[in-house]
Amino acid sequence: MDSLKLANFSMCSCLLFATLLASSVSFAAAEVHFHEFVIQARPVKRLCRTHSTITVNGQFPGPTLAVRDGDSLVITAINRARYNVTLHWHGVRQLRNPWADGPEYVTQCPIQPGGTYTYRFTIQGQEGTLWWHAHSKWLRATVYGALIIYPKWGSHYPFPMPKREFPVLLGEWFDRNPMDVLKQALFTGAAPNVSDAYTINGQPGDLYRCSSKGTAVFPVMPGETILLRIINAALNEELFFSVANHQMTVVGIDAAYTRPLATNVIVIGPGQTTNVLITANQAPGRYYMAARAYQTAQNAAFDNTTTTAILQYMSTSGTSGKGQSSSRPILPILPAYNDTATATAFTSSLRSPGKIHVPTQIDENLFFTVGLGLINCSNPNSPRCQGPNGTRFAASVNNVSFVFPTTNSLMQAYYQGVPGVFTTDFPPVPPIPFNYTGNVNRGLWQPVKATKLYKLKYGSRVQLVYQDTSIVTTEDHPMHLHGYSFAVIGAGFGNFDPINDPPKFNLIDPPVRNTIGSTPGGWVAIRFVADNPGIWLMHCHLDSHLVWGLAMSFLVENGVGELQSVIPPPPDLPRC
Ligand code: C2O
């Protein structure tokens, strides 16, 4: 009953909309949140220099959305920038509603300069922290914000209510127009320039030039417990995060609760979120929270700077304690940049709070290699071939380097039956098996460019093993699946062993997420039920890898009847 109404709402008929509003009053439950997101350039000054930065409503980071589970959002995106843009609600399941998902040329054509599009969607059965970001080229470098989902009225957190809470958005700042950084990299074929700073809530913090004034400060009263909603919105880097002298207790990831996990440091990949509780049980004062790179690629340049914000104890009168603001806060100890042992220990300790439903019978057994590649050039001296040894960088899944269409979106082509935009022959296993994490023959370094989708029957039970390769370099790839959450049932180093690894899978209380690192030089296994029809992008959330083709898409077919089928597209869906 409820879901039928929500589905109708997504069809965005004003009449049905009014019905929903009326019924939401009688249920005293779901609310509808209306927002206008104007995408526009605004001057933003960081690291001593002012840039014309693409923002939402002039804010950087963008506005925080706060809703309850069951609520609906109606967000009108108005593009006043000079770039095509789309918005993505990262982690929102968008049941039967790929039209609101946002990845450009996958579920929609971009909103052109001067254009608008209204995203209408409902949060169904999710609680915790998600976020939203642009899903067009590299615009998400500055176009992003938090999406907080509170429990329904009358329902509670599975932990004591924290006294305060703060979104902690970790970002990456370029002292150039990020779109130009991308443009240059796509021209030369070389790796893009690295960022100049990491940021916490848009601010680099005290350790960077011209940045002390804006440093983010999080006030806390002695003794109280607060909730930090940490989001990694950085473009290209996994991060370690720690708070000086304060232990954290992880209670949620990617809008799913976890068994409480005490830790001094977390690792968080782009796309992931981590909710932690912190108790102000130290001597009143000022303590840095800090984030810096967890870098797994070998011989690759990376931004090795450290961003900080301040956890500041307030006196009972509500002001900061005497003399405190002049004292230099203590820095937390962060792991070494390449500390895979610490990263793995953390990630593998995460659990769901109790037994969850994991499919045990598998209909689709998928094995996807993920990694980089190099495209050979006929003229290695060409200015367009400045990758290693006169090549161009690429990346692939099962040797297919994903090419985004340009004349239509996948979803629109599928829905309207337009041929020639994609094929559905994405390989379920690597076309040629090899020693994935060994010394790989150069003949296997060059992927094939194509727009291939993998078809899944509605309701099929899927196991997917991501296998990192050592082509160019092993690396931890944060793999994100749109339209789904999945159970992370196992991980390991080296090549996945289909005989000896599955018996070790955790099918009882694995963590549930929407983005998972591939394990550098290793593998990670996930399971989900394909119960959300539509075309769903799956990709590495390092944006440099995404533009190189580290992506594919699933085409989940409609099931039986309306409630198992994609809803009709909204009338204002942009055309290419
Ligand atoms: Cu955070 Cu394809 O998205």
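Three strands, β7 (128-134), β14 (248-253) and β15 (256-263), each supply at least two residues of the lining of the largest cavity. Among the contributors, β14 gives the most, with three residues. The structure described here is a predicted model.

**The cavity**

The largest cavity holds about 70 Å³ of space. Of the 13 residues that line this cavity, Glu 127, Gly 128, Gly 252, Tyr 257 and Asn 275 are the closest to its centre. Sorted by class, the lining has seven nonpolar, four polar and two charged residues. In total, the count comes to four cavities of 30 Å³ or more.

**The disulfides**

A disulfide is a covalent bond between the sulfur atoms of two cysteines. The structure holds three of these bonds. The table gives the angle about the S-S bond and the handedness for each pair.

| Pair | Angle about S-S | Handedness |
|---|---|---|
| Cys 48 and Cys 210 | 95 degrees | right-handed |
| Cys 109 and Cys 576 | -100 degrees | left-handed |
| Cys 377 and Cys 385 | -95 degrees | left-handed |

The link of Cys 48 and Cys 210 has an S to S distance of 2.0 Å. This pair links distant parts of the chain, 162 residues apart: Cys 48 is in the loop between β1 (32-46) and β2 (49-56), and Cys 210 is in the loop between β10 (197-200) and β11 (217-220). Cys 48 is partly exposed, with a relative accessible area of 33%, while Cys 210 counts as exposed at 57%.

Cys 109 and Cys 576 are also joined, with 2.0 Å from S to S. Here too the pair links distant parts of the chain, 467 residues apart, with Cys 109 in the loop between β5 (87-90) and β6 (116-122) and Cys 576 in the segment after β32 (551-556). Cys 109 is buried, with a relative accessible area of 0%, whereas Cys 576 is partly exposed at 43%.

In the remaining pair, the sulfur atoms of Cys 377 and Cys 385 are 2.0 Å apart. Cys 377 has a relative accessible area of 18%, so it counts as buried, the limit being under 20%. Cys 385 is buried as well, with 8%.

When the bonded cysteines are numbered in sequence order, the pairing is 1-3, 2-6, 4-5. Another cysteine, Cys 540, is buried with a relative accessible area of 0%.

**Confidence**

The average pLDDT of the protein is 94, and 93% of the residues score at least 70. Over residues 1-26, pLDDT stays under 50. For that stretch the model has 34 contacts beyond four places in sequence.

Methods: Residues numbered from 1 in each chain as written. Predicted model: local features only at pLDDT ≥ 70, side-chain atom pairs only at ≥ 80, totals over all residues. Heavy atoms only, no water. pLDDT = per-residue confidence, 0-100. Contact = heavy atoms within 4.5 Å. 1 Å grid on protein atoms, 1.4 Å probe; cavity = no way out; pocket = protein on both sides within 12 Å on 5 of 7 lines; lining within 4 Å. Points joined across faces, edges and corners; volume = space filled by probe spheres on them. Helix = DSSP H or I, 4+ residues; strand = E, 2+ residues; numbered from the N terminus. Nonpolar A, V, L, I, M, F, W, Y, C, P; charged D, E, K, R; others polar. Disulfide = S-S within 2.5 Å. Buried < 20%, exposed > 50% of the residue type's maximum accessible area, 1.4 Å probe, protein only.
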